[in-house]
Amino acid sequence: HYLSDNENAYLAVPGSVESFSEKMIKIFDNSSQSAQVGSMGRKLVHTVFNYKIQAERITRFIQTNNTN
């Protein structure tokens, strides 16, 4: 699991307007915590979801699973 609620993202229950609104209120009421969560989310994007890193992972997977 890449995303962790209140650590590097704010996760709401899918389809729940109430859950979403609770997260939005939390974000606006806790600006310092929200900034920290945002910073951790940005770090995750740069270290895990980076296209170069993903391309390297896919290349390694193909190379190690190539049976030809």
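Of the contacts in the protein with a separation of 6 or more, 40% are accounted for by residues 24 or more positions apart, a contact being defined by heavy atoms within 4.5 Å. The model is a predicted one, in which local features need pLDDT of at least 70 and side-chain atom pairs count only at pLDDT 80 or more, whereas totals for chains, interfaces and linings use all residues. Residues are numbered from 1 along each chain as its sequence is written, and side-chain values use heavy atoms, with hydrogens and water left out.

The protein contains 3 helices and 0 strands, arranged along the sequence in the pattern α-α-α; helices (H or I, at least four residues) and strands (E, at least two) are taken as DSSP runs, numbered from the N terminus. The radius of gyration is 17 Å, while a compact globule of 68 residues would have a value near 11 Å, where the radius is taken over C-alpha atoms and the globule rule is 2.2 Å times the number of residues to the power 0.38. Along the principal axes, the C-alpha atoms fill a box of roughly 55 × 25 × 15 Å.

Buried residues make up 15% of the 68 residues, with buried meaning under 20% relative accessible area, exposed over 50%, and partly exposed in between (1.4 Å probe, protein chains only). The accessible surface comes to about 5700 Å², of which 58% belongs to carbon and sulfur atoms, as computed by the Shrake-Rupley method with a 1.4 Å probe. The mean positions of the 7 positive and 6 negative charges are 14 Å apart; Lys and Arg count as positive and Asp and Glu as negative, with His and the chain ends not counted, and each charge is placed at NZ of Lys, CZ of Arg, CG of Asp or CD of Glu.

A search of the whole structure finds 1 salt bridge, the criterion being a side-chain nitrogen of Lys or Arg within 4 Å of a carboxyl oxygen of Asp or Glu. The salt bridge is formed by Asp 5 and Lys 23, whose closest N and O atoms are 2.6 Å apart. Asp 5 lies in the segment before helix H1 (17-29) and Lys 23 in helix H1, so the pair ties together parts that are 18 residues apart in sequence. Asp 5 counts as partly exposed, at 30% relative accessibility, whereas Lys 23 is buried, with a relative accessible area of 14%. When neighbours within four places in sequence are left aside, Lys 23 is in contact with Asp 5, Asn 6, Tyr 10, Leu 11 and Ala 12.
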